[in-house]
Amino acid sequence: MNFPMFSSPWLPFILLILSTCVTATQYRIPRLSPFSRTFLPNTKASPVSDDFKTFYYNQTLDHFNYKPESYTSFPHRYIINFNYWGGANSSAPILAYLGAEGPLEGDLNAIGFMTDNALQFDALLVYIEHRYYGKSIPFGSRQEALKNASTLGYFNSAQAIADYAAVLIHLKKKLHAKDCPVIVLGGSYGGMLAAWFRLKYPNVALGALASSAPILYFDDITPHNGYYSIATKDFKEVSESCYETIRDSWSEMEAMASKPNGLSILSKEFKTCSPLNSYSQLEDYLWSMYAGAAQYNQPPRYPVTRICGGIDGASSESGTLGKIAAGVFAYEGKLSCYNLEPKNETETDVGWRWQKCSEMVMPIGTDNDTMFPPYTFDLRSFINHCNQLYGVSPRPHWVTTYYGGNDIKLHLQRFGSNIIFSNGLRDPYSSGGVLQSLSDSLLAVHTANGSHCLDILRANETDPQWLVKQRETEVSIIKEWIRKYYADLKEFKQ
């Protein structure tokens, strides 16, 4: 494994992670991100437009203490597109995208909800990076920021949304935009941040669009098998035979791997670029591929359909192993060989590992009713694993303590407002989403065929009508929030 971003002082921490990497694979918690790293049509390679201007805010390290070190600051990156803004004099709104577990660059082109709708809102577009990602690094360098639990201790969601509040208050003051309403939005983990931001800082944000935000996948609110049950359903709906082949393949692959030359046979069958070292290497790859395909099953590629097309289209002589391999080839495309080894770790991998081991404890598992091997999320084992990594224990109940979540229908309607919880029901993470409206202004907007964060990605001419309608509904709701705000503002000023 290669870690090009870190120099030698970070080596002890790297070795600690490497020593526990086998253990880490057992925690089947899929990544949270608005879009797939593997397939992002028409956006990932596109250069960022000159319309996006970069700024830095002198951000406070610790918003919740008054120790001298709390006042240490770091450069916090935010990016603005002024092109569509109606200006402060007309109290034109601000759309603020709350960055999540990664640098901002990929989001600028991918999150089309901002630019696609900016003109009709006359909106200022603001994108704010999450601390410890991209260029928003405390302690002077990534090496120092990720050095140990003492420096990582400032890396959490509460500090992040306090950062966003500080940036937006600063920006409104700087632009003399006191009366300009702010709508925050985000997807996946960023969607959770958007919802929580509206709850914690209603004085800063008029409303929030929380796309594919599994805010209920904590503290056993959601059944542990919710994610993988929906992923299984996605494959089963495309093809019953595909689902059955995948379900039955795990034991056959494991039995083959246990034979003296079994790994060599599997390596040849899957055309791997280098020989497989263990069965777990193949299992991890396939598990991740199926989960990712279901989570990001977006038009026009529809990776679940593509995988099942490969599996079902394989010749009857191929056998189960050959069919599964054909699914891999269909998913990855035609290559001379297929690299099933773990990819080099990114800053997102490193950062999200800490976030999962501190507060983002999502107890995700499987059972006998899914197409995946049975796996029970064991909290004690997970705590021990995180203690080995960082010397600190996760707080599995903190998210629901700080933000709420238990009995959400009873409680949130009493103090929350102006949040859109949007989901696609084919997204496995929708199992932890808010799928029923909680009040007249806590609204669930979902589509039967949607996948993860699809509604906030860039619109395309080929988008199905149900997706177009979902976006139009969200825009209509936000417009009504802003209309009512202007009426209240006018009455207040009189």
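Guide: The chain has 19 helices and eight strands. Both are DSSP runs, numbered from the N terminus: helices are H or I with at least four residues, strands are E with at least two. This is a predicted model, where local features need pLDDT of at least 70, side-chain atom pairs count only at pLDDT 80 or more, and totals for chains, interfaces and linings use all residues. Residues are numbered from 1 along each chain as its sequence is written, and side-chain values use heavy atoms, with hydrogens and water left out.

Visitor: How do you know that the radius of gyration agrees with a compact globule?

Guide: The radius is taken over C-alpha atoms, and the globule rule is 2.2 Å times the number of residues to the power 0.38. For 494 residues the rule gives a value near 23 Å. The chain has 23 Å, so the two agree.

Visitor: What makes Cys242 and Cys308 a disulfide?

Guide: A disulfide is a pair of cysteine sulfur atoms within 2.5 Å. The sulfurs of Cys242 and Cys308 are 2.2 Å apart, so the pair passes. Cys242 lies in helix 10 and Cys308 in helix 13, so the link ties together parts 66 residues apart in sequence.

Visitor: Why is Cys242 called buried?

Guide: Buried means under 20% relative accessible area, exposed means over 50%, and partly exposed is in between (1.4 Å probe, protein chains only). Cys242 has 0%, so it is buried. Cys308 has 1%, so Cys308 is buried too.

Visitor: What makes the disulfide of Cys273 and Cys337 right-handed?

Guide: The torsion about its S-S bond is about 95 degrees, so the link is right-handed. The link of Cys357 and Cys386 has -75 degrees and is left-handed.

Visitor: What is the phi of Asp407, and is this residue buried or exposed?

Guide: Most residues other than glycine have a negative phi, and most peptide bonds are trans. Asp407 has a positive phi, near 50 degrees. At 54% relative accessibility Asp407 is over the 50% mark, so it counts as exposed.

Visitor: Which peptide bond is cis, with omega near 0 degrees?

Guide: The bond from Pro299 to Pro300. Pro300 sits in the loop between helix 12 and helix 13.
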